[in-house]
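Biologist: I'm new to this one, could you put it on the screen and walk me through a few places in it?

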Amino acid sequence: MVSTSNMEIKTAVIDGMVTPLEGEKNLLELIRKANVELPTFCYHSDISVYGACRMCMVEVEGRGIVPACSTPIAPNMVVKTNTKQIRNMRKMILELMLASHDQSCTTCPKSDECKLQKLSRKMGITKVRFKQMNAKCAIDDSSPSIVRDPGKCVLCGDCVRVCKEIQSVGALDIANRGAHAKVTPFFGQALSKVECVNCGQCVKICPVGALMPKYNINEVWDAIHDSSKTVVVQIAPAVRVALGEYFGQRPGALSTGKITAALRMIGVDKVYDTCFSADLTIIEEASEFLDRFTKGEKLPQFTSCCPAWVKFAEQNYPELLNNLSSCRSPQQMFSSLAKDKLTKDLNISRENLVVVSVMPCTAKKYEAARPEFSVRGNRDTDIVLTTKELALMMKERGIEFDKIEPASFDMPFGFKTGAGVIFGASGGVGEAVLRYASAKLTPDAPVVDFKQVRGADGIKTTEVNLGPAKIRVAVVSGLANARKLVEKVKAGEEYYDIIEVMACCGGCVNGGGQPVPTHEPNAVQERAKGLYADDRTMLFRNSGENPYLQKLYADEMTHEKAHELFHTEYETKPRITRPDMLLFEGRNEVKKLNLKICFGACCVSRGAQELYQNVAAYLRERDVIEDTIFTASFGGATCQNGPVFEINGKKINACTFKKAKTAIDKIIK
Amino acid sequence: MTDKALVKFDRVCEILDKHGRNPHMLIKILQEIQEEYKYLPEEIMMYIATALDISPAFAYGVATFYSHFTLQPKGKNIIKVCDGTACHVKKSEEIINALESKLGLSKEKHTTDDTLFTLETVACLGACGIAPVVVLNDEVHGAMNKEKVISLIDKIKAEELANAQS
């Protein structure tokens, strides 16, 4: 026992080394503090402890072999992490995992980052003593964003917990048990049919290739090799501070110029910047906000740049859809502008202009595929690449990242202000709106830095005084945080004028299409710092000052045109797409009553079940059961006015039993 | 059929209400729903998850974890043949084979097309003294053999036929 003065420091002994206890959460954290890197698949400090993979087994004197991640620390513990028994055990566990793993490693897209592969190598596994057991599993590539390959799953449950705990979505869970256990959506349905918001946080956390972004690399090559196509690329802000990590750069290092040069080498015709359309988004969105703020309507205004948040809102909060900014995201604003203006400037058809976007995000692939972002069957954004896909293309093209000379963007869509750059970090959109509002409301002393909305916290709130106006701002990242805040706002416990929501913790710099940091614990913050540093170097830092946008609005942008190109509408979406459920069908051939009730989450929370029960009792009372067919749907188009009840094709919104009874009486009397 | 179906979904509502639509009562709710339907239909599971405000994938995970729950429709008569050690030694396998060929079932197919019978193999029922044991609709039959079990099936079939004709 080490003791200093009167204060006794509690300690434990890790592999013979006395280690002070300083409030570590569990034994694993303590062991890591003692510079022993215990292997693990299922331990992540930001989600709950699961203890499934058994890789972090250690020997605790007097207690035998325990998993370090789920063992609380006690003073004077004596721990051994490297006994013969433990080493053998770890190896055997890995071999068992490999025996039930689809080992198509050479063609697996995860190969260079696979934790199973890395650990097997580290543990010196050169052969698997067990019979290969993996049954061929069907790959689910129904989603535009994510490919699920269950044959590679090691059942660590990381995806399940990140989806449930960080995003509060819960699209995946572990079904069955023992040898039959598997990660799956509800009843094994396709990922595209369930409540998955495509954020890709599961992809980022998956240690193996069981969850991967859907690659669209070949489509880009095809377009480049097709001489009839003009290929233009837009690059999102968060990409420039992360892509370099694939080439050994530190997180946050800015590589805008190198990426631009590399894209030209790859063979694209024009390289533009999504930050330009981020400025455009701010002009539209901040104007929309100032209008709502002055009129005091549709507040709080929620941002709408994040497609995962938009789908989440459409599934969970139909009553708030009017509060979402009607602005399209910077990706979609860029593309609709490009397909409108560039086609005219270059005198080519929409079909021959291929707009490729490079995004830190898997959900952007889903966003680009939304039907409202197409004109006559031709998409505004033709192809979306994640940061990783662009890095792979650069490697395939044989680009030496270290040696390539930086180049600059093409104009005019390559010019941006600092406000467009910070979009990539949580708080950036909020700050950009405030910069714009400040220049409008206090033109004599405009403020550019709103540091109170920066940083890694999941929920940031502040009050900003701009002249006579007091604006209450909230910035959230992580959908579980968003849900928490929205519930408070709905309950009237908290009030804000504008709320920025990003689905990924820390914003787009931590998107599902970004590199997975292996050795840098603060990678996400470092990337955000890189963006704020870039912002400080910009000539203009308020989107309203972007001269190319000023020209665009002065020369060719009418209010109507802007509305058509830059705004959108939202619709409620069912969490799970599935056929209607037959509640009952009467025996009489001719059905006088064809009834349908919505059993979507919102309608149920507003009393759809009670309505059903009352109606069913009334049908029995009036003895018309045999003349009735009664079905239920799981979510519909007008859930914001739930409960929705349909009688012979006629929809009754906000239906009460009284309304339903009157309508039924009219038909059966 | 009408009244029955109606009663069934009404029972779902009743069961949910009885447990205060409390997500912590999920297992109890699923048990009672299974008593009504003899299995857990997908759309009812979807409705339960919605009413309890839990993720449907989670409800599916719970329902598939416990072997008590079944997601496949079961027959009207449930035959459980014990294949624990004692029963196995006393030739329970012969009984299983006889039932499978009599009912047109297999290791993969457990329920007859007319949904009259479901055959299940279970581990020890704790009645090793009267092995081999067959449980037919919660009634325990000890010291069974091929002939005895087939005559039990024939008896039920005859009853069903009589019921259908009356």
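Modeller: What follows is a short tour of some sheets, helices and single residues. This is a predicted model, in which local features need pLDDT of at least 70, side-chain atom pairs count only at pLDDT 80 or more, and totals for chains, interfaces and linings use all residues. Residues are numbered from 1 along each chain as its sequence is written, chains are lettered from A and ligands numbered from 1 in the order in which they are written, and side-chain values use heavy atoms, with hydrogens and water left out.

Biologist: Thanks. In what order do the five strands of the open sheet in chain A come?

Modeller: The order is E2-E1-E5-E3-E4 in chain A, with mixed pairing; strands and helices here are DSSP runs, of at least two residues for strands (E) and at least four for helices (H or I), numbered from the N terminus, and two strands pair if DSSP finds at least two bridges between them. At the edges are E2 (17-20) and E4 (64-67) of chain A, each of which pairs on one side only.

Biologist: And which strands does H2(A) touch?

Modeller: H2(A) packs on the sheet and touches E3, E4 and E5 of chain A, with its direction at about 160° to that of E3(A). Contact means heavy atoms within 4.5 Å, while angles run from 0 to 180 degrees between N-to-C directions, along axes fitted to C-alpha atoms, for helices over the stretch in contact. Within that sheet, E3 (residues 57-60) and E5 (residues 78-80) of chain A are antiparallel and share two bridges, and A:Glu59 has A:Lys80 as its bridge partner in E5(A).

Biologist: Switching topic, is A:Phe41 buried or exposed?

Modeller: A:Phe41 is buried, because its relative accessible area is 0%, and buried means under 20%, exposed over 50% and partly exposed in between, with a 1.4 Å probe and protein chains only. A:Phe41 sits in the loop between H1 (27-33) and E3 of chain A, and its contacts, leaving aside residues up to four places away in sequence, include A:Cys53, A:Leu94, A:Lys115 and A:Pro207.

Biologist: How far apart are A:Phe41 and A:Lys115 in space?

Modeller: They are 7.5 Å apart, C-alpha to C-alpha, although 74 residues separate them in sequence.

Biologist: OK, what about E22(A), how many of its six residues are buried?

Modeller: Six of the six residues in E22 (residues 628-633) of chain A are buried, with A:Thr628, A:Phe630 and A:Ala632 on one side and A:Ile629, A:Thr631 and A:Ser633 on the other. E20 (residues 581-585) of chain A runs antiparallel to E22(A), joined by four bridges, whereas E21 (residues 593-598) of chain A is parallel to E22(A) over six bridges. A:Phe584 stands opposite A:Phe630, and A:Ile597 has A:Ala632 as its bridge partner.

Biologist: Last one, which strands make up the open sheet of four?

Modeller: That sheet has the order E11-E10-E13-E16 in chain A, with parallel pairing, and its edge strands are E11 (270-273) and E16 (383-386) of chain A. Neighbouring strands are turned by 25° against each other on average, direction ignored.

Biologist: Which strands does H10 lie across?

Modeller: H10 (residues 330-346) of chain A lies across E10, E11, E13 and E16 of chain A, at about 155° to E13(A). H6 (residues 217-225) of chain A lies across E10 (230-235), E13 and E16 of chain A, at about 125° to E16(A).
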